[in-house]
Amino acid sequence: MPGAFDLPHSEQGFGGPRAAALAGLRAAFGAPGLVMGASFVGFGALVRQSDLALWHGLASTITGWALPGQIALVELYAAGASLLSIALAVALSNARLLPMTVTLMPVLRSPRWARWTYFVAAHYVAVTGWAAAMRVCPAIPAEQRLPYFTGFTVTLWTATIAATALGFYLAGALPQQVSLGLVFLNPIYFMLVFAESAQQRTRALALALGAVAGPSVHLVSPDWGLLISGLGAGTLAYLLDRLWARRHA
Amino acid sequence: MRDALDPAIAVPLALAVGALVTYAWRGLGVLLSGRIDPDGPLFAWTACVAYALLAALIARMIVLPRGDLADTAALDRLLAAGLALACFFWLTRRNMLLSVAAGSGALVLLTWLRTVGP
C-alpha cells in the first residue's frame, strides 16, 4: 500500500544517514514536489500581479518558506498596509510553526548531530516536510531522522524556489481553469496526508475538531480565527482524549 | 504611515520582518522542545494544538478559500474533496498523485459545467 509517504521495509531503516538523506530527497520528488511546486507557481504569479519584482518573491520563498504567511505578506503589502500590521498578520498566519516545531524536535533528536544543526533544520519546518517526518522518522533509527527530514525539505525548498520564478514568468499566461486546478491541489493534498495520519485516536480527535472549528471561527474573526480554533480545538481534543483514556483504563 | 517609505526600502523591510517573525516561531520551537518532557502532558497538549491548527487551516482553505478559489461554488469544492478522499482510500489503494489529480480535476470540471449548464 503506497500511502502518502513510503516507509522503509528494513529494521535498519534506510541503512545509514547518507542513505536516509537520499531517501528523503527521492520522497520529495513525486507528489510533494509536484503539489508544492504548483502552489508556489501560484505564489510567483501573485508576486507579479502585485507589482513586486522577481527577487522579492524569491527572497520570500527562500527566507519565509511558509506559504500562508508569504501570501499574507504580499497581499497586505499590495493593499498598502503598514509594516506593523504586516508583521502581525504574518506572525498570526505562521503561529502553527511553534507547536509543529516543538512536536517534531524530539522525533528528530539524536546525539549524533550537534545542537545548532537543529536550529538550522527548524527553518525547514513546514506542513509537508513535517507530515513526512512525523510519519517516517519514528520508524527509522534516530541518527537517520535528521538526514531524512533535511533531504526531504531542502529538496522541496529548492523546487519551490524554482516554481516561484516559473510562476512569476507564467503569470497571466495560464488559462483560468488550469490555474484553478493548480491552486486546489494544495488543500486536497494536505487533506489526504492528514486524513491518512488520523489513524491514532488523539490525532483523529484533534484533526476532526480543528477541521470543524477552523472555518466556523474564521467567520467570526478572520485574523485570530486560526489561532483561536487551533488552541480551542486542540485543548478540547486533549481533554476528551484523557477522559477517554481514564474511562477505558 | 507607509507612504513615507520608498518602495525600494519598504519591500525589503517587509520581507525582512516577515522572515524574522516566521523564524521566531521555529527557533522558539527548538528552544522550548528542549525544556518539555516528550512523555509529559504539556507535550501531548502541544501536539494536539499542532494537529488542530493544521486541520483548521486546511478546512479553511477548502471551505472558505481566498483568491481565485473563492469564485468557485462551495458545493463543488466539497464534492471534489469528497471524491479525492474516496479515490485515495477506496478506489486507488492510496495512490496520492492520482487522488489529488482526481480532486482538482473534479473541481475544474464542475466549475466548467456551471458555465455551460442551464
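First, a definition: two residues are in contact if their C-beta atoms, placed from the backbone, lie within 7 Å. Keep in mind that this is a predicted model.

Start with one tyrosine. B:Y51 lies in helix α2 of chain B. Is B:Y51 buried or exposed? The cut-off for buried is 20 or more other C-beta atoms within 10 Å. B:Y51 has 32 within that distance, so it is buried. And what does B:Y51 touch, once we leave aside its neighbours within four places in sequence? The partners are A:R203, A:A206, A:L207 and A:G210.

Now widen the view to the interface. On chain B, 65 residues are in contact with 78 residues of chain A. Which helices supply that side of chain B? At least two residues each come from α1 (7-33), α2, α3 (74-91) and α4 (96-116) of chain B. The largest share is from α2(B), with 20 residues. By class, the side of chain B that touches chain A has 45 nonpolar residues, 14 polar and six charged.

Next, the core. The largest nonpolar core has 120 residues. Those with the most contacts inside it are A:A133, A:Y148 and A:L192, along with B:A52, B:A55, B:A56 and B:I58. Helix α2 of chain B, residues 41-63, turns up again here: it gives this core its largest share, 16 residues. Take A:A133 as one example. Beyond its neighbours within four places in sequence, A:A133 is in contact with A:L104, A:V107, A:L108, A:Y148 and A:F149.

Two helix pairs now. Helix α2, residues 31-49, packs against helix α10, residues 176-196, both of chain A. The angle is about 130°, and the axes are 8 Å apart. Angles over 145 degrees would count as roughly antiparallel, and 65 to 115 as roughly perpendicular. α2(A) and α10(A) are therefore oblique to each other. Their crossing is left-handed. From α2(A), the residues that meet α10(A) are A:A31, A:V35, A:A38, A:S39, A:V41 and A:G42. From α10(A), they are A:S179, A:L182, A:V183, A:L185, A:N186 and A:Y189. By class, that contact has eight nonpolar residues, four polar and no charged ones.

The second pair joins the two chains. Helix α6 of chain A, residues 97-108, crosses α1(B) at roughly 40°. Their axes come within 8 Å. That makes α6(A) oblique to α1(B). This crossing is right-handed. Which residues of α6(A) meet α1(B)? They are A:L97, A:L98, A:T101, A:V102, A:M105 and A:P106. The classes here are nine nonpolar, four polar and one charged.

Last, two backbone details. A:D51 has a phi near 65°, a positive value in a residue other than glycine. Its place is in the loop between α2 and α3 (54-63) of chain A. A:D51 is exposed, with 10 other C-beta atoms within 10 Å. On chain B, phi of B:R94 is also positive, near 65°. B:R94 is in the loop between α3 and α4 of chain B. With 17 C-beta neighbours inside 10 Å, B:R94 counts as partly exposed.

That is the tour. Over to you.

Note on methods
Residues numbered from 1 in each chain as written. Chains lettered and ligands numbered in written order. Predicted model: local features only at pLDDT ≥ 70, side-chain atom pairs only at ≥ 80, totals over all residues. Core = buried A, V, L, I, M, F, W, Y, C linked by C-beta atoms within 7 Å. Buried ≥ 20, exposed ≤ 12 C-beta atoms within 10 Å, placed from the backbone. Helix = DSSP H or I, 4+ residues; strand = E, 2+ residues; numbered from the N terminus. Nonpolar A, V, L, I, M, F, W, Y, C, P; charged D, E, K, R; others polar. Axes fitted to C-alpha atoms, helices over the stretch in contact; angles between N-to-C directions. Parallel < 35°, antiparallel > 145°, perpendicular 65-115°, else oblique. Left-handed = near helix turned anticlockwise from the far one by under 90°.
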